[in-house]
Amino acid sequence: MATLAAMRSDLFSAANLEKESAQPGLRLQNAKMLKIELNGECMARTGTMVAYQGQVQFQALGSGGVGKWLKQKLTGEGVPLMRLSGRGDVFLANDAADVHLIDLEPGDALSINGASVLAFDSSLRYDIKMVQGMGMLSAAGMFNCVFSGQGRIAITTKGTPVVLTVDQPTYADPQAAVCWSASLQTGYHRAEQLGLGTLLGRRTGEAFTMSFAGQGFVVVQASEEPPRGMGEGQQQSGGLGSLFGN
């Protein structure tokens with residue numbers, strides 16, 4: 001029987017071997033794959049499991065309860081969820097997108113496009129809320145998932161993102177804005193108001209940009225893909241600093 005020790009290939013280098021940790025929870029296996037060392041339960045996006053080991057049970061939850069299911073039907077936004085329970089290792093990925101970990105502490109709140117949520121600790125709370133200032137200007141999605149409480153969340157981005165500190169007027173394509181501090185004030189503006197004319201929205205025909213004001217951050221991905229609705233299930237310790245690689 002062939003073993004890893006007997007085979008010769010860069011595929012079997014230490015960089016690609018399963019990473020072990022003494023602590024349960026969400027960890028990065030690599031830049032595009034999440035490893036959950038499960039000892040209890042965790043929440044994950046439906047359809048993102050690529051492998052698992054051990055005694056793990058999977059339970060589909062829709063959007064996380066009747067109230068959130070109704071909001072999903074009304075808004076088309078959110079996260080199709082499954083509950084993972086038991087003991088073992090679960091590996092998750094979503095279309096080879098980059099995976100980032102964020103640790104929320106009490107008092108933190110994060111507004112995130114539901115299409116970018118990969119997994120989160122069951123200790124976190126989340127709800128589907130209307131994005132302030134959205135009105136009926138754009139089809140980019142009027143509702144986001146807002147997470148709060150204490151725990152870790154894994155999000156995905158298309159390509160390497162940029163994290164903008166909002167300390168001056170800040171604008172982003174609504175299809176590229178992945179998440180932001182929930183305390184920020186948001187608004188939507190026609191591109192013509194900013195002198196951009198038809199330069200924005202070349203994929204969807206939407207000539208709008210999103211504004212952010214206050215104190216916080218905005219994560220912008222290297223993609224302007226139209227956001228996917230909630231029903232499309234296939235697809236740092238000590239605060240928010242872990243997004244920056246801690």
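**Group meeting: strands, cysteines and salt bridges**

Let's start with one residue. Cys-179 is buried, at a relative accessible area of 0%. Buried here means under 20% relative accessible area, exposed means over 50%, and partly exposed is in between, with a 1.4 Å probe and protein chains only as cover.

Now the ground rules. This is a predicted model, so local features need pLDDT of at least 70 and side-chain atom pairs count only at pLDDT 80 or more, while totals for chains, interfaces and linings use all residues. Residues are numbered from 1 along each chain as its sequence is written, and side-chain values use heavy atoms, with hydrogens and water left out.

The overall picture. The protein has one helix and 16 strands. Both are DSSP runs numbered from the N terminus: helices are H or I with at least four residues, strands are E with at least two. Of the 246 residues, 47% are buried. The accessible surface comes to about 12,200 Å², and carbon and sulfur atoms account for 53% of that. Those areas come from the Shrake-Rupley method with a 1.4 Å probe; for residues, only the protein chains shown count as cover.

Back to Cys-179. This residue stands opposite Val-219 in strand 16. Strand 13, residues 177-181, pairs with strand 16 in the antiparallel sense over three bridges. To count as paired, two strands need at least two DSSP bridges between them. Strand 16, residues 216-220, also pairs with strand 11, again antiparallel, over five bridges. There, Val-218 of strand 16 is the bridge partner of Leu-164. Four of the five residues in strand 16 are buried.

Next, charges. The whole structure has five salt bridges. The criterion is a side-chain nitrogen of Lys or Arg within 4 Å of a carboxyl oxygen of Asp or Glu. Take Asp-89 and Lys-35: their closest N and O atoms are 3.9 Å apart. Asp-89 lies in strand 4 and Lys-35 in strand 2, so the pair ties together parts 54 residues apart in sequence. Both residues are buried. They also join Glu-37 in a network of salt bridges.

Arg-83 and Glu-41 meet at 3.5 Å, N to O. This pair also links strand 4 with strand 2, 42 residues apart. Arg-83 is partly exposed, at 25%. Glu-41 is partly exposed as well, at 40%.

Then Arg-152 and Asp-103, with 2.7 Å between the closest N and O atoms. Both are buried.

Last stop, the surface. Met-49, Tyr-52 and Phe-58 make a nonpolar patch of about 250 Å². Patch residues have over 30% relative accessible area and no salt bridge; like charges are joined within 9 Å, nonpolar side chains (Val, Leu, Ile, Met, Phe, Trp, Tyr) within 5 Å. Phe-58 sits in strand 3, residues 49-62, and is partly exposed at 32%.
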